[in-house]
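Biologist: I have a chain to look at and would like to go through it step by step. Please keep the answers plain.

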Amino acid sequence: GGGGGGDGKPGNGGAEHHENQGHADQIKRTKKFFGGLVQDVKRKAKFYASDFKDALSIQCVASILFIYFASISPAITFGGVLGSKTENLEAAFEMILSSALTGMVFALTAGQPLIILGATGPMLVFEEILFQFCKDNPSLDYLAFREWIGLWTALLSFILVATDASALVQYITRFTEETFSVLISIIFIYEADRKSG
């Protein structure tokens with residue numbers, strides 16, 4: 001590590017510490033209702049107009065095209081697979097539309113325009129399990145059930161934002177992420193083995 005000298009003044013390590021401290025301060029609980037959201041808005045407000053102006057620069061065209069293809073490619077791919085898993089109740093068209101709508105709303109309101117929102121492996125596994133569950137229980141309509149899941153997810157997300165629960169992200173480690181990735185991999189391997197056997 002790069003600590004300071006014997007005189008107690010920080011060296012390069014001190015600068016890194018201050019930078020890391022700034023990031024840590026951003027994820028501290030404010031203990032106020034929607035306190036974290038208010039802080040985020042205040043912090044990002046001064047950059048909001050420039051985000052649009054800078055996007056009109058010719059230098060941003062390559063980035064815009066990259067983000068476009070990085071967003072639409074998995075939407076088409078996962079949409080096709082999802083269509084086969086849900087008997088076309090949800091397919092490529094729905095995936096592209098939902099990715100576009102959520103991407104626009106997120107970019108305009110969350111202050112993170114470069115985050116790509118869209119289909120992922122865990123979502124595909126979840127939808128397949130949910131569709132099979134609804135098929136095994138004829139009283140459940142898949143699309144209606146899916147809508148209720150979306151509404152409950154929105155409500156829980158609202159509560160998490162209101163209570164600054166995002167501060168808990170500091171306790172998530174690489175171990176948590178890798179464990180989840182292993183679980184998804186095992187599910188995909190099991191599915192492939194089940195269909196081939």
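The questions below go from the whole chain to single residues.

Biologist: What kind of model is this, and how many helices and strands are in the chain?

Modeller: The model is predicted. From the N terminus on, its elements run α-α-α-α-α-α-α. The count is seven helices and zero strands.

Biologist: What percentage of the residues in the chain is buried?

Modeller: A residue counts as buried when its relative accessible area is under 20%. The chain has 197 residues, and its exposed surface comes to about 14,600 Å². Carbon and sulfur atoms supply 67% of that surface. The buried share of the residues is 16%.

Biologist: Which helices are among the cover of the buried residues of α5?

Modeller: Helix α5 covers residues 121-136 and spans 23 Å from its first C-alpha to its last, close to the expected 22 Å. Its buried residues include Leu-124, Glu-127, Glu-128 and Leu-130. The cover over the buried residues of α5 includes α3, α6 and α7.

Biologist: Which residues make up the largest nonpolar core?

Modeller: Nonpolar side chains tend to be buried together in soluble globular proteins. Leu-124 is a member of the largest nonpolar core here. Leaving out residues up to four places away in sequence, Leu-124 touches Phe-78, Val-81, Leu-82 and Phe-188. The core has five residues: Ala-75, Leu-82, Met-95, Ala-119 and Leu-124.

Biologist: Which element gives the largest share of the nonpolar patch on the surface?

Modeller: The patch is formed by Tyr-48, Phe-52, Phe-93, Leu-97, Leu-101, Met-104 and Leu-108, with about 720 Å² of accessible area together. The largest share is five residues, and the element is α4.

Biologist: Is Leu-108 buried, partly exposed or exposed?

Modeller: Leu-108 is found in helix α4. Leu-108 has 42% relative accessibility, so Leu-108 counts as partly exposed.

Biologist: Asn-88 and Asp-164 both have a positive phi. Which of these residues is buried and which is exposed?

Modeller: Asn-88 is in the loop between α3 and α4, and its phi is near 65°. Asp-164 is in the loop between α6 and α7, with a phi of about 60°. The relative accessible area of Asn-88 is 57%, whereas Asp-164 has 5% relative accessibility. Asp-164 is therefore buried, and Asn-88 is exposed.

Biologist: What separates the C-alpha atoms of Thr-86 and Leu-130?

Modeller: Thr-86 lies in the loop between α3 and α4 and is buried, with a relative accessible area of 0%. Beyond its neighbours within four places in sequence, Thr-86 is in contact with Phe-131 and Tyr-142. Thr-86 and Leu-130 are 44 residues apart along the chain, and the separation of their C-alpha atoms is 9.3 Å.

Biologist: Which residues is Ile-149 in contact with, leaving aside its neighbours within four places in sequence?

Modeller: Ile-149 is in helix α6. At 22% relative accessibility, Ile-149 counts as partly exposed. Its contacts beyond those neighbours are Phe-126 and Leu-130.

Biologist: How many residues apart are Arg-43 and Asp-40, and in which helix do they lie?

Modeller: Arg-43 and Asp-40 form a salt bridge, with the closest N and O atoms 2.3 Å apart. Arg-43 is partly exposed at 27%, and Asp-40 is partly exposed at 36%. The two residues are three apart, about one turn, and the helix is α2.

Biologist: Why does the pair of Lys-85 and Glu-128 tie together parts of the chain that are apart in sequence?

Modeller: The side chains of Lys-85 and Glu-128 meet in a salt bridge of 3.6 Å, N to O. Glu-128 is buried, with a relative accessible area of 18%. The two parts are 43 residues apart in sequence, because Lys-85 lies in helix α3 and Glu-128 in helix α5.

Biologist: What distance separates the closest N and O atoms of Arg-146 and Glu-127?

Modeller: Arg-146 is partly exposed at 23% relative accessibility, whereas Glu-127 is buried at 1%. Their closest N and O atoms form a salt bridge at 2.5 Å.

Notes: Residues numbered from 1 in each chain as written. Predicted model: local features only at pLDDT ≥ 70, side-chain atom pairs only at ≥ 80, totals over all residues. Heavy atoms only, no water. Helix = DSSP H or I, 4+ residues; strand = E, 2+ residues; numbered from the N terminus. Buried < 20%, exposed > 50% of the residue type's maximum accessible area, 1.4 Å probe, protein only. Areas by Shrake-Rupley, 256 points an atom, 1.4 Å probe, with all protein chains shown as cover. Expected span 1.5 Å × (residues − 1). Contact = heavy atoms within 4.5 Å. Core = buried A, V, L, I, M, F, W, Y, C linked by side-chain atoms within 4.5 Å. Patch = residues over 30% accessible without salt bridge, like charges linked within 9 Å, V, L, I, M, F, W, Y side chains within 5 Å. Salt bridge = Lys/Arg side-chain N within 4 Å of Asp/Glu carboxyl O.
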